[in-house]
Amino acid sequence: MAPEEDAGTELLLQSFERRFLAARALRSFPWQSLEAKLRDSSDSELLRDILQKHEAVHTEPLDELYEALAETLMAEESPHGHRSYLLPSGGSVTLSESTAIISHGTTGLVTWDAALYLAEWAIENPAAFTDRTVLELGSGAGLTGLAICKMCRPRAYIFSDCHSRVLEQLRGNVLLNGLSLEADITANLDSPRVTVAQLDWDVTTVRQLSAFQPDVVIAADVLYCPEAIVLLVGVLRRLAACREHQRAPEVYVAFTVRNPETCQLFTTELGRAGIRWEAEPRHDQKLFPYEERLEMAILNLTL
């Protein structure tokens, strides 16, 4: 197989692997590309290559895997599952997530596309987070923050949300990925100080936000309704008031453009609050499986 054909096959395999590990819907897999490869006579040994690569990596018998699969198929459907997202370092972020979009009255128990998009941008721009304290607003399942902790070497990272179930899941996902919470005296000194904080945008105060002392503030997929937008801008105004004699934190907000009117409301509210913004250029990396047809954006805010 020619080098360029081999590279194309490898990318196709990676695409399937990433979607499989992230438990994406089967319709999102690149079936048409696979069919085209298999029809190409030069790629007639594609399936043999897949098997050889699998055997080279998995030299041990797979009896335990088959037994686990059988147990899974026989078990009752669980309201939670695990998804894994591969990182350029060779590691991964593994998350416990709800199998339902809305669960326990919140959408924060699943990973949304803008969180994946923001994580890709962060990995491509690690200097924005290295040796800095990062506060994430509305962390949800924790994908973006865990990717930043593993790839960008922040000094400290504060996950935050207001829902008790989300906070419980966040703590579990932090530990699942080998990180320690700040109160753990056995924490690895080479890892960032990680905190999971309850933060209700409706009642949080300047004093509470000041205690975090963030250098960077991020949020992903939190512009889902007008009420949330107004509350978010209120939090940003309070963050601007935290450091009267110091530099205000850098702020990055990522979102999927589902409703242009919602996005317009956000920029309008930012203008009313005196918060300037500019859109970050689209990044080149496509590391995670999400809907490519969706329009996503990251705004860099100046408080």
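Let's start with salt bridges: searching the whole structure turns up 5 of them. The term covers a side-chain nitrogen of Lys or Arg within 4 Å of a carboxyl oxygen of Asp or Glu. Before going on, note that this is a predicted model, where local features need pLDDT of at least 70, side-chain atom pairs count only at pLDDT 80 or more, and totals for chains, interfaces and linings use all residues. Residues are numbered from 1 along each chain as its sequence is written, and side-chain values use heavy atoms, with hydrogens and water left out.

| Arg | Glu | N to O distance |
|---|---|---|
| R83 | E97 | 3.3 Å |
| R132 | E250 | 3.2 Å |
| R272 | E269 | 2.9 Å |

Now for where they sit. Helices (H or I, at least four residues) and strands (E, at least two) are DSSP runs, numbered from the N terminus. R83 belongs to strand β1 (residues 80-86) and E97 to strand β2 (residues 92-98), so to speak distant parts of the chain, 14 residues apart. To describe how covered a residue is, we use relative accessible area: buried means under 20%, exposed over 50%, and partly exposed in between (1.4 Å probe, protein chains only). R83 counts as partly exposed because its relative accessibility is 22%, while E97, at 2%, counts as buried.

With R272 and E269, both residues lie in helix α10, 3 residues apart, which is about one turn of the helix.

On to the rings. The structure holds 5 aromatic pairs. Rings of Phe, Tyr and Trp (its six-membered ring) pair if their centres lie within 6.5 Å; planes under 30 degrees apart count as stacked, over 60 as edge-to-face and the rest as tilted. One of the pairs is W121 with Y252, which is tilted, with 4.8 Å from centre to centre and 45° between the planes. This pair links distant parts of the chain, as W121 is in helix α5 (residues 113-124) and Y252 is in strand β7 (residues 250-256), 131 residues apart. W121 is buried, at a relative accessible area of 4%, and Y252 is buried too, at 6%.

What kind of pair do F255 and F266 form? Their ring centres are 6.5 Å apart and their planes meet at 75°, so this pair is edge-to-face. F255 lies in strand β7 and F266 in helix α10 (residues 260-272), so the pair ties together parts 11 residues apart in sequence. Both F255 and F266 are buried. Ring pairs also join W121, F129 and Y252 into a cluster.

Last stop: helix α6 (residues 143-151). Because 7 of its 9 residues are buried, helix α6 is largely enclosed by the rest of the structure. Among those buried residues are L143, G145 and I148. Just after α6, R153 takes a positive phi of about 55°.
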